Amino acid sequence: MEKNISCRYMQVKDHDEVRELLAGNRLPTDRVNAGNTIMLVAEQGGRIIGCGGIDPIGESGILQSLVVNKKNRSRGCGSLLVDRLISVAALHALRELFLLTVSGRDFFHKLGFSPIGGETIPSQVRQTVAWKNPDCAAATSMHLDITRQARYFPQETLRLRDDLPGVQLWAVSLQKTMLTYFTVDANSSFPQHSHESEQITMVLSGALYFTVHGDTRKVGKGEVIALPADVEHAVFTLDEKATAVDAWSPVMKRYQ
Ligand SMILES: CC(C)(COP(=O)(O)OP(=O)(O)OC[C@H]1O[C@@H](n2cnc3c(N)ncnc32)[C@H](O)[C@@H]1OP(=O)(O)O)[C@@H](O)C(=O)NCCC(=O)NCCS
């Protein structure tokens, strides 16, 4: 694969270029603005050369709008986009991916997808526009179980999202275990709470202050605090931003 191809989440400034790419390959452009679709773009030399998206439906995702500019094909860009889309699906706690393809069956098969019979596709997937389209009769439905794969999450897939005021996070989870990364602005707080998940937090920079049973402990850079299930605690920062990673078991559904 060419080394200088990279992937990132699509931004609003990319919409026109992505629409042009899709339309130029006779693919629908309506997903570009659809709030639900998670779109990635592939770039080379600052230009968008490919794109692809996932529509989450419950715990399933539909991979769609995958296209690589004609003159940039067969250099690994399509495979890279699919690999990153699978990571993004895992980050959104999806368990399986479906797609419909007319000519890409062998391409997707190489990437781990298998043809699947219509009757085994969940009804909420079959109810979508793609599967209801009469042209679908000529296409192959394909499926990938993403819960059984080891998965790599490059930096560009780990997008921070807002949580409480002043708090941002990303989360990676398997079936029983979760890892989160938090940035907590200065003078921010998590009110008193508890959860059934066990929590082990390591502070990477700054300091977090944990209050447990009325006792407040400073957890500084490189230090760790372990909280058993259901222990009430509150957390805050003082005049310095903090970053931390946390291990959780079972997974914290609220962070998925
Ligand atoms: C399918 C597509 C995204 C692949 O992109 P790409 O950047 O060329 O893919 P890669 O370079 O990672 O992989 C190319 C490999 O897949 C094969 N391949 C690509 N498209 C294929 C297809 N339609 N059917 C079978 N094999 C295909 C190539 O021959 C190549 O094989 P090789 O590595 O043994 O030479 C691209 O061909 C495309 O945009 N097609 C038009 C849109 C489309 O069909 N999208 C899929 C809709 S579901």
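Visitor: How many bridges join strand E12 to strand E17, and in which sense do they run?

Guide: Strands of a sheet pair through backbone hydrogen bonds, either parallel or antiparallel. Here E12 (residues 198-205) and E17 (residues 242-249) run antiparallel, joined by seven bridges. Ile200 has Ala247 in E17 as its bridge partner. Two strands count as paired when DSSP finds at least two bridges between them. The element labels are DSSP runs numbered from the N terminus: helices are H or I with at least four residues, strands are E with at least two.

This is a predicted model, in which local features need pLDDT of at least 70 and side-chain atom pairs count only at pLDDT 80 or more, while totals for chains, interfaces and linings use all residues. Residue numbers start from 1 along each chain as its sequence is written.

Visitor: Which residue of E15 is the bridge partner of Gln199?

Guide: Leu227 in E15 is the partner of Gln199. E12 and E15 (residues 224-227) pair over four bridges, in the antiparallel sense.

Visitor: With which strand does E10 form a hairpin, and how many residues lie between them?

Guide: E10 forms a hairpin with E9, with four residues between the two strands. E9 (residues 167-173) runs antiparallel to E10 and is joined to it by seven bridges. Val167 stands opposite Val184 in E10. E10 also pairs with E17 over seven bridges, in the antiparallel sense. There Val184 stands opposite Ala242.

Visitor: Which residues of E10 are on the covered face and which on the uncovered one?

Guide: In E10 (residues 178-184), the covered face has Met178, Thr180, Phe182 and Val184, and the uncovered face has Leu179, Tyr181 and Thr183.

Visitor: What is the strand order in the open sheet of four strands?

Guide: The order is E11-E16-E13-E14, with antiparallel pairing. E11 (189-193) and E14 (215-220) are the edge strands, each pairing on one side only. Neighbouring strands of this sheet are turned against each other by 20 degrees on average, direction ignored. Three bridges connect E13 (residues 207-212) to E16 (residues 233-236), and one of the pairs is Thr211 with Ala234.

Visitor: What is the order in the open sheet of seven strands?

Guide: That sheet reads E1-E2-E3-E4-E5-E7-E6, and its pairing is mixed. E1 (5-9) and E6 (114-115) are at the edges, each pairing on one side only. E6 is joined to E7 (residues 140-145) by two bridges, and the two run antiparallel. Met142 in E7 is the bridge partner of Pro115.

Visitor: Which residues have the most contacts inside the largest nonpolar core?

Guide: In soluble globular proteins, nonpolar side chains tend to be buried together. A nonpolar core is a set of buried Ala, Val, Leu, Ile, Met, Phe, Trp, Tyr and Cys residues joined through C-beta atoms within 7 Å; buried means that 20 or more other C-beta atoms, placed from the backbone, lie within 10 Å of the residue's own. The largest core here has 38 residues, and Leu81, Leu85 and Leu99 have the most contacts inside it. H1, E2, E3, E4, H2, E5 and E7 each give two or more residues to this core, and H2 gives the most, with 10.

Leaving aside neighbours within four places in sequence, Leu85 is in contact (C-beta atoms, placed from the backbone, within 7 Å) with Leu40, Gly52, Ile54 and Leu63. Apart from this core lies another, of seven residues, including Val184, Val235, Ala242 and Ala244.

Visitor: Which residues are closest to the ligand, and how many surround it?

Guide: There are 17 residues around the ligand, the closest being Val68, Arg73, Gly78, Ser79 and Phe107. A residue counts as near if its C-beta atom, placed from the backbone, lies within 6 Å of the molecule. E4, H2, E5 and H3 (105-110) each supply at least two residues of this shell. By class the shell has six nonpolar, eight polar and three charged residues. Ala, Val, Leu, Ile, Met, Phe, Trp, Tyr, Cys and Pro count as nonpolar, Asp, Glu, Lys and Arg as charged, and the others, Gly among them, as polar.

Notes: Buried ≥ 20, exposed ≤ 12 C-beta atoms within 10 Å, placed from the backbone. Contact = placed C-beta atoms within 7 Å. Axes fitted to C-alpha atoms, helices over the stretch in contact; angles between N-to-C directions.
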